[in-house]
Amino acid sequence: SRNTKVECLMMGYTEEDLKFGEGTNLGLGCGNPVALAKLQPGEVVVDLGSGPGFDCFLAGERVGPTGSVIGVDRELEMVKRARDFSKSRGAPHVSFRLGEIAYLPVADQFADV
């Protein structure tokens, strides 16, 4: 059986990241994009295939309230879960949209990352 925590730690997530993202980490990611992107305060980030928002919430911490994060997922249930988590976390600068990667619900030239 899989040990999601060990896999995430091997991808570079910290114990703090995992605790912060509790309830939103499905263990289905393919890396640690937040660490690799070296996000800065004020940036606008789009996460494709965001699921319930694990990486979005981590990105939201790094870009801060002057930045914004938009998670895009094609599954309505994932978008609903992510929106619920966003409300419960008090993260108004982290939002979620239903959409397909081929037809992003984000304007061209809108995001930094």
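Predicted model: local features only at pLDDT ≥ 70, side-chain atom pairs only at ≥ 80, totals over all residues.
Residues are numbered from 1 along each chain as its sequence is written, and side-chain values use heavy atoms, leaving out hydrogens and water.

Let's start with the sheet. Three strands make an open sheet in the order β1-β2-β3, paired in parallel. Because β1 (44-48) and β3 stand at the edges with a single partner strand each, one side of each has no neighbour in the sheet. On average, neighbouring strands are turned by 20° against each other, direction ignored. Strands are DSSP runs of E with at least two residues, helices runs of H or I with at least four, numbered from the N terminus; two strands pair if DSSP finds at least two bridges between them. Between β2 (residues 68-73) and β3 there are five bridges, and valine 72 has arginine 97 in β3 as its bridge partner.

Contact means heavy atoms within 4.5 Å; angles run from 0 to 180 degrees between N-to-C directions, with axes fitted to C-alpha atoms, for helices over the stretch in contact.

| Helix | Strands | Angle |
|---|---|---|
| α4 (residues 54-63) | lies across β1, β2 and β3 | about 165° to β2 |
| α5 (residues 76-89) | touches β2 and β3 | about 165° with β3 |

Now for the surface. Isoleucine 101 sits in the segment after β3 (94-98). Isoleucine 101 counts as exposed because its relative accessibility is 56%, the cut-off being over 50%, with buried under 20% and partly exposed in between (1.4 Å probe, protein chains only).
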